[in-house]
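These are my notebook entries on a structure I examined. I record what I looked up, entry by entry.

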Amino acid sequence: MTYCIGIDVSKQSLELWDGTHEEEVPNERGLKTLKKLLKKRYGTNWNEGGFIYEPTGPYSNYLRAFAAEHEVRVVEVNPKKSANFAKVLGNRSKTDAIDAKMLYTFHLLLKESKFSIPEMDEIAEQLGAYLGSYEIIQKTRTMLSNHVHSLEYKSGVTRKLKESLEKELKHLGTIEEQLEKEMEAYAKDHQETREDLNNLLSMKGIGVVSAMNLLYLFRKYPGANRNEITALAGLDPIQRQSGSSLQGGRKISRAGDPMLRKVLYLACMNSIQHNECIRTFYKHLVSDNHKKPKVALVACMRKLLLIAHHLYVTKSKYRTLEHDANLCLSS
């Protein structure tokens, strides 16, 4: 690797630091200005370096696509890790330039093998766009629904105002239903995802929204193993302990996408009612092992996730295990 650049990504610009030079380029589609700068500075071998940056939501998509197109190796740093590393460096101020330099310093701790060319999955990107829009609409509808309900306890609310808000609430519900249908139609229109979606939906308790979230997770991290998938969903156990004064119990990390955990929770509640395997596992934990219902529910969420991952990896449909309940009792 001929060079490394720490890049702080923002909505409008990219702040660059390569250990010597500080530059700012626009965060534009295609990143033509960045490409021109790299060619000027590094010549014909401009794409033999590496980028290190935080994947800041949609604003880093242009940079990721640029690296994939031109085969530039990158490291995407978890924002929590970079924030803690900034504290270690003693950075009391936070600016784009300071963050770019911090990321460049962070790369000195990494082996070159950690840098890799990102893979762009257009289907996963489209699914992510659908799910992000669905989540926003759902949150907005819930907030508006709560607000309309609260108006019942307030004086001075006109009938016209209430009818207007109820009309908007109904419109948001229509959009939510439409997005769900479009997501399902998009996945079924592509041969790469049609079978995977049908396999996930073959499991009792998994609905369209749950299946789409799981499908997006599995496609976004295609090489992840069971432990990594569990961690990406934020269902991996963590523990805090220090001497005799701090004896924290085990709990889940809650890292990753909260929307995924929400749909897994709802799917798990549904599965306990309608899926023999999950119901047997839940009763085993609560009745035989005397686990608290909340702890047992989290364990069932993890089991549901891993079964779904197995179906995706093996390209197989769900097989009911009610005739061999012992298989359901293994974690």
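**Basis.** I worked from a predicted model, in which local features need pLDDT of at least 70 and side-chain atom pairs count only at pLDDT 80 or more, while totals for chains, interfaces and linings use all residues. Residues are numbered from 1 along each chain as its sequence is written, and side-chain values use heavy atoms, with hydrogens and water left out.

**Overall.** I found twelve helices and nine strands; helices (H or I, at least four residues) and strands (E, at least two) are DSSP runs numbered from the N terminus. Along the principal axes, the C-alpha atoms fill a box of roughly 65 × 60 × 55 Å. I noted that 40% of the 331 residues count as buried, that is, under 20% relative accessible area with a 1.4 Å probe and protein chains only, whereas exposed means over 50% and partly exposed lies in between. Of the contacts (heavy atoms within 4.5 Å) between residues at least 6 apart in sequence, 63% join residues at least 24 apart.

**α1 and α2.** I looked up helix α1 (residues 32–42) and helix α2 (residues 61–70), whose axes come within 11 Å and cross at roughly 50°. α1 is therefore oblique to α2; angles under 35 degrees count as roughly parallel, over 145 as roughly antiparallel, 65 to 115 as roughly perpendicular and the rest as oblique. In α1, Leu 34, Lys 35 and Leu 38 meet Leu 63, Phe 66 and His 70 of α2. By class, I recorded four nonpolar, one polar and one charged residues in this contact.

**α8 and α10.** For helix α8 (residues 208–220) and helix α10 (residues 258–274), I found axes that come within 9 Å and cross at roughly 135°. This makes α8 oblique to α10. Val 209, Ser 210, Asn 213, Leu 214 and Leu 217 of α8 meet Met 259, Leu 260, Val 263, Leu 264 and Ala 267 of α10. The classes here are eight nonpolar, two polar and no charged residues.

**Positive phi.** Most residues other than glycine have a negative phi. Leu 31 counts as buried because its relative accessibility is 0%. Glu 71, also not a glycine, has a positive phi of about 60° and sits in the loop between α2 and β5 (73–76). At 54% relative accessibility, Glu 71 counts as exposed.

Key. Axes are lines fitted to C-alpha atoms, for helices over the stretch in contact, and angles run from 0 to 180 degrees between N-to-C directions. Ala, Val, Leu, Ile, Met, Phe, Trp, Tyr, Cys and Pro count as nonpolar, Asp, Glu, Lys and Arg as charged, and the others, Gly among them, as polar.
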